[in-house]
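Look at the sequence and the structure below. The paragraphs that follow go through a few of its elements in turn.

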Amino acid sequence: MDGVSRRRSRLAFLLLPTMDHFAHDLIERLPAASGWEVRGFLIKQPSDVAAALAWTDHRERDALWFEFCWPPFPRIIAETDFAGRRVIVRVHRIEAMETNFVSQTPWAKVHDVIVVSTDMAARVRNAAPGLERTTRLHIVHNGLDTRRFAPLHDWNPFRIGWCGLLTLRKNPVLALQVLFGLRAIEPRYHLHISSNGGERLATEAFSHLARYLDLVDAVHMDGTVPQREMPEWHARNGVLLHTSVHESFGYAIAEAAAVGCDIAVLEHPGADEFWPAATRYGTAEVAVDLVRNAAPHRWRNHVVDRFSLERQVAATVEALRKGSATQ
């Protein structure tokens with residue numbers, strides 16, 4: 001038996017610059033959990049794809065994972081002869097909701113597509129109605145490395161966290177409305193924002209409303225918090241205020257809950273798949289009540305039990321074991 005036949009199956013993760021942040025935990029954890037060899041390939045030029053194909057040289061057993069359904073990946077899939085290799089694509093929120101890349105992908109050449117929620121699965125089916133005639137659709141919830149987000153802090157109920165890009169989708173002006181309502185009752189409430197920028201319209205609207213509501217001194221811009229420091233940033237807050245009009249999952253919500261923050265989550269499509277009714281609100285008034293009645297460490301077990309990295313890895317392994325769809 002030759003060496004290629006004896007070796008383990010290989011999974012090549014094809015990654016795009018600045019869009020690889022969701023893949024590294026899987027690349028690290030999958031080998032031990034699955035028995036596959038796993039390697040990331042940062043795709044900057046055509047030769048990088050060729051390197052991934054050369055590494056996955058057992059065509060009946062190896063696979064390529066395209067992380068994000070984002071250019072140039074749809075074109076690469078269309079133009080590449082995979083010669084029997086299994087092809088997997090993971091679709092994230094931005095491709096399914098804000099672009100037409102899902103509809104432009106040649107799904108007949110893809111064996112498996114992975115999404116993080118039932119809502120995302122419905123959006124992918126709507127964008128590519130014939131997809132499941134050729135391609136398996138797997139729902140694999142995102143997972144958090146809960147060891148990194150162990151409870152760390154002395155709880156401060158008056159420090160509210162908000163994190164993300166200042167964009168219209170993230171809806172930061174709603175956070176100001178909630179803060180205004182809170183400070184009308186108790187002036188010790190302050191809002192701390194972790195963000196590395198955003199859209200001009202959303203940023204200007206946020207600054208304008210903060211001045212109009214006389215909240216400038218109650219809003220603290222903490223700037224870009226490195227990923228390794230996010231557990232400590234969350235741990236300094238009492239509550240994470242979520243205001244986005246849509247999330248596919250909501251990593252920041254899970255991170256905050258894992259360190260012991262309470263959470264207040266704007267009701268949005270798919271929210272009920274992840275977050276209990278007791279955490280969700282539809283009006284600023286209800287959000288004020290949620291924050292005022294917050295308690296520490298209420299939702300850590302919810303995250304650990306449902307959205308751990310271990311569960312995500314196990315579900316990904318199960319998807320890999322199901323084999324390729326009929327092409």
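Strand E10 (residues 239-242), helix H11 (residues 251-259) and strand E11 form a right-handed β-α-β unit. Right-handed means that, with the strands pointing away from the viewer, the path from the first strand over the helix to the second runs clockwise. Helices (H or I, at least four residues) and strands (E, at least two) are DSSP runs, numbered from the N terminus. This is a predicted model, in which local features need pLDDT of at least 70 and side-chain atom pairs count only at pLDDT 80 or more, while totals for chains, interfaces and linings use all residues. Residues are numbered from 1 along each chain as its sequence is written, and side-chain values use heavy atoms, without hydrogens and water.

E10 and E11 pair in the parallel sense over four bridges; pairing takes at least two bridges found by DSSP. In this pairing, Leu-240 stands opposite Ile-263. E11 also pairs with strand E12 (residues 280-281), in the parallel sense over two bridges, and there Leu-266 is opposite Tyr-281.

How many residues of E11 are buried? Five of the five are, so the strand is largely enclosed by the rest of the structure. Buried means under 20% relative accessible area, with a 1.4 Å probe and protein chains only. In a regular strand the side chains alternate between the two faces of the sheet. In E11, Asp-262, Ala-264 and Leu-266 lie on one side and Ile-263 and Val-265 on the other.

Another strand, E6 (residues 136-139), holds His-138. His-138 counts as buried because its relative accessibility is 7%.

Key. Buried means under 20% relative accessible area, exposed over 50%, partly exposed in between (1.4 Å probe, protein chains only).
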